[in-house]
Amino acid sequence: MSTKITVIPGDGIGPDIVDSAIKILTKVGCDFDYEFVDAGLTALEKTGELLPQNTLDAIKRNGITLKGPLTTPVVEGFTSINVSLRKQFGLYANLRPVKSFKGTQARYDNIDIITVRENTEGMYSGLGQKVSEDGSEAEAMSKITRQGAERIVRFAYELAQREGRKKVTAVHKANILKSTSGLFLKVAREIAEEYPDIESAEMIVDAACMRLVMNPEDFDVIVTTNLFGDIVSDLCAGLVGGLGMAPGANIGKDCAIFEAVHGSAPDIAGKNLANPSSVILASVQMLEYLGMSEQADKIVKALADVIESGDRTTRDLGGSHGTTDFTDAVIERL
Ligand SMILES: NC(=O)c1ccc[n+]([C@@H]2O[C@H](COP(=O)([O-])OP(=O)(O)OC[C@H]3O[C@@H](n4cnc5c(N)ncnc54)[C@H](O)[C@@H]3O)[C@@H](O)[C@H]2O)c1
């Protein structure tokens, strides 16, 4: 029986880039059974809800989801759909790998960094957000738990071990955020002792950002809290040619959602201009999660060849072609 996968095409450029990824998966021989459901603005327009119940049921039932970016309306009363999904399905680990592909406009050609971001706690989780009635004060709450910190740091070390990586850097701000970041760092140091074969480092987040720009080769696996992970991983995407090249996997105990790191790009939506590599690489992460590394490697090789040769690449990669031409170029190589 073929594996059933929930697909959320998403908003803006989402449907085009997800379509591209599915065509490539089909070409490489993946016999998946896809269940298409809606979320985000598309769902709101159709059903009046950003996250309809049938979408939540499909995510839970199938366990694996490939998702396009979603637009969260910027008005009060709507919480981020992505934050809701991560919380509801306990997707505690956000894995954001970036790897250099020859032929991009990136400043570096030797990057291979994975950011492991805690996905459910900390400042980003939206806890206790309040604005006073007169609008003069705003507050939000950040909460880190020992269990959450242990789980994510251990995840990062296990990943490093599995993938033969050499170093894990814990990124924090414990010098100032002594309670929350302090607890995260304390736990990171404890867990590091369990993995003597892997080099452990720690770095304050602002210094880490500077170092990432100046000496990115110093990093291998980065483990950090939610908000820092959000920012640092976008910085890492910039090192390899921008958001169009950055995939992300949200992993929980019983459920995983694979997606592009970027948003719905309303400025280029509907214009056939988006680089689909982010979702293609997210589908590669999905194949690796499913143990289908042979197909995953084939896709990465074909994608790398298209980008390096400049054959039908998109504008952000220095080319002049659209999403569909780029997809065809990858498919021809498979
Ligand atoms: N995972 C998600 O679903 C997710 C993530 C971030 C933002 N968002 C949402 O997306 C919407 C738009 O956000 P934004 O404009 O701040 O960020 P964005 O990531 O959509 O776009 C930022 C810039 O990058 C470009 N870009 C993004 N993806 C690209 C691609 N694949 N190819 C070529 N260029 C690409 C865009 O054209 C834009 O200039 C917002 O509603 C936001 O909430 C969703």
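Me: How many nonpolar, polar and charged residues does the shell around the ligand have?

Reply: Please note that this model is predicted. By class, the shell around the ligand comprises 10 nonpolar, eight polar and four charged residues. Of the 22 residues around the ligand, those that come nearest are Leu70, Gly263, Ala265, Asp267 and Asn275.

Me: Which atom of the ligand is 2.8 Å from a polar backbone atom of leucine 70?

Reply: An oxygen atom of the ligand lies at that distance from the leucine 70 backbone. Side chains take part as well: a polar atom of the asparagine 82 side chain is 2.9 Å from a ligand oxygen, and one of the histidine 262 side chain is 3.2 Å from a ligand nitrogen. The ligand taken alone exposes 820 Å², of which the protein buries 67%.

Me: How is the packing of two helices described?

Reply: Two packed helices are described by the angle between their axes and by the distance between those axes. Here, the axes of helix 7 (residues 205–214) and helix 8 (residues 226–239) come within 10 Å and cross at roughly 10°. Helix 7 is therefore roughly parallel to helix 8.

Me: Which residues make the contact?

Reply: Helix 7 contributes Val205, Cys209, Leu212 and Val213, while helix 8 contributes Phe228, Val232, Leu235, Cys236 and Leu239. The residues of this contact between helix 7 and helix 8 divide into nine nonpolar, no polar and no charged.

Terms used. Residues are numbered from 1 along each chain as its sequence is written. This is a predicted model: local features need pLDDT of at least 70, side-chain atom pairs count only at pLDDT 80 or more; totals for chains, interfaces and linings use all residues. Side-chain values use heavy atoms; hydrogens and water are left out. A residue is near a molecule or strand if one of its heavy atoms lies within 4 Å of it. A polar contact is a pair of N or O atoms within 3.5 Å; within protein, one must be able to donate a hydrogen and the other to accept it, and residues adjacent in sequence count only if both atoms are side-chain atoms. Accessible areas come from the Shrake-Rupley method with a 1.4 Å probe; for residues, only the protein chains shown count as cover. Ala, Val, Leu, Ile, Met, Phe, Trp, Tyr, Cys and Pro count as nonpolar, Asp, Glu, Lys and Arg as charged, and the others, Gly among them, as polar. Axes are lines fitted to C-alpha atoms, for helices over the stretch in contact, and angles run from 0 to 180 degrees between N-to-C directions. Helices (H or I, at least four residues) and strands (E, at least two) are DSSP runs, numbered from the N terminus. Angles under 35 degrees count as roughly parallel, over 145 as roughly antiparallel, 65 to 115 as roughly perpendicular and the rest as oblique. Contact means heavy atoms within 4.5 Å.
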